[in-house]
Amino acid sequence: TLLVQLALGLNPYIITQGRSTHAMISIVVGAITNIILDPIFIFVFHMGVQGAAIATVISQLFSAIWTIYVLSDKKSTLKIKIRFLKPEGSIIGQICALGISPFIMRSTESLVGIVLNCSLQLYGGDLHVATVTVMQSIMQLIFAPISGFTQGVQPIISYNYGAGNFHRVKRTYRSMIGLCFAFSMIATLFTMFLPKFFASMFTTDASLIALVGEQMPVFLFGMLFFGLQMGIQPTFLGLGEAKLSLFIALLRKVILLVPLVLLLPNFFGVWGIYYAEPISDILSATIATLLFIFNIKRILTLENLEKIK
């Protein structure tokens, strides 16, 4: 965990300097090392799962070493120095305020998973629990690339906002939101039209594949529009709007999805659980878009920037 935090936590400081290739290498080094070492430790040394764990830690070590090296070389404008490592309460407070939004997004996954599984077990049984597990795994194929993209762009928005380059900020967030929306829509359409193909990537159970084929077009329908929220939330974070970002993080899962999962099955049975996902996705994306439209002009003013500083 320490090695992962060093690699991922310090990576934005490399991106902020415009050294995106070096930032990408820090991730690629770990991934390639892991791919090479996994079969060696598992099959050659016959270490099984323990070998896979050791390979993972070694790959994370390589990523951390590379990241620290880049931030210590002569070309780095933001160098790691001991005198800069003294904790400052005001800075830590700002970090926590901005970090609580993505933290809640990750932590609420557990809450949603518990509520979904309990409701599916109650109204549908084991097969429906397995169906949602497969569909959520497929959703990650859409979420993961977008999440990686937005994490890379967010420091660019922050840097230019802090420098008062509002024109560049606008160009960046427009490109990011547009690409997130386009990617999520295209990727979701593929999964909706080929649900059984994607289900077969995770299971060979014919009844499970058939049920996924029936329900996935409904379950993933809201993802056609959810790319808007996935682009807007990191934009708010990059602009220092922690409260708005936090509200959007809570909106989809805690405020909308969990109550809908508990309420709709009373009217539609097990199908109500599947309806809850697209309804919450569409509503949260719509509200996030409206919040963005009504607040972006206020945010991109020198007066607001001075207040944040």
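**Figure 1. Helix H3 and the helices that its buried residues pack against.** The buried residues of helix H3 pack against helix H1 (2–15) and helix H2 (20–44), where contact means heavy atoms within 4.5 Å and buried means under 20% relative accessible area, with exposed over 50% and partly exposed in between (1.4 Å probe, protein chains only). These buried residues of H3 are Gly 51, Ala 55, Ser 59, Ser 63, Ala 64, Thr 67 and Val 70. An α-helix has 3.6 residues a turn, so residues three or four places apart point the same way. Helix H3 covers residues 48–70, and its 23 residues should span 33 Å at 1.5 Å a residue, which agrees with the 34 Å between its end C-alpha atoms; the expected span is 1.5 Å times one less than the number of residues. Helices (H or I, at least four residues) and strands (E, at least two) are DSSP runs, numbered from the N terminus. The structure is a predicted model, in which local features need pLDDT of at least 70 and side-chain atom pairs count only at pLDDT 80 or more, while totals for chains, interfaces and linings use all residues. Residues are numbered from 1 along each chain as its sequence is written, and side-chain values use heavy atoms, with hydrogens and water left out.

Figure 2. His 46 is found in the loop between H2 and H3, where its phi is near 55°, a positive value in a residue other than glycine. With a relative accessible area of 67%, His 46 is exposed. The structure holds twelve aromatic pairs, and one of them, formed by Phe 41 and Phe 45, is edge-to-face, at 5.7 Å centre to centre and with 70° between the planes. Rings of Phe, Tyr and Trp (its six-membered ring) pair if their centres lie within 6.5 Å, and planes under 30 degrees apart count as stacked, over 60 as edge-to-face and the rest as tilted. Phe 41 counts as buried at 13% relative accessibility, whereas Phe 45, at 48%, counts as partly exposed.

**Figure 3. The surroundings of Glu 277 and Arg 252.** Glu 277 is found in helix H12 (residues 271–299) and is buried, with a relative accessible area of 3%. The side chain of Glu 277 makes a polar contact with that of Arg 252 (2.6 Å), a polar contact being a pair of N or O atoms within 3.5 Å, of which, within protein, one must be able to donate a hydrogen and the other to accept it, and residues adjacent in sequence count only if both atoms are side-chain atoms. Leaving aside neighbours within four places in sequence, Glu 277 is in contact with Met 139, Phe 219, Arg 252 and Leu 257. Arg 252 also lies over the face of Phe 226, at 4.7 Å from the ring centre; a charge sits over a ring if NZ of Lys or CZ of Arg is within 6 Å of the ring centre and within 35 degrees of the ring normal. Ring pairs link Phe 219, Phe 268, Trp 271, Tyr 274 and Tyr 275 into a cluster.

**Figure 4. Glu 306 and Gly 162.** Glu 306 has its place in helix H13 (residues 302–308) and is exposed, with a relative accessible area of 54%. Although 144 residues separate Glu 306 and Gly 162 in sequence, they are 9.4 Å apart in space, C-alpha to C-alpha.
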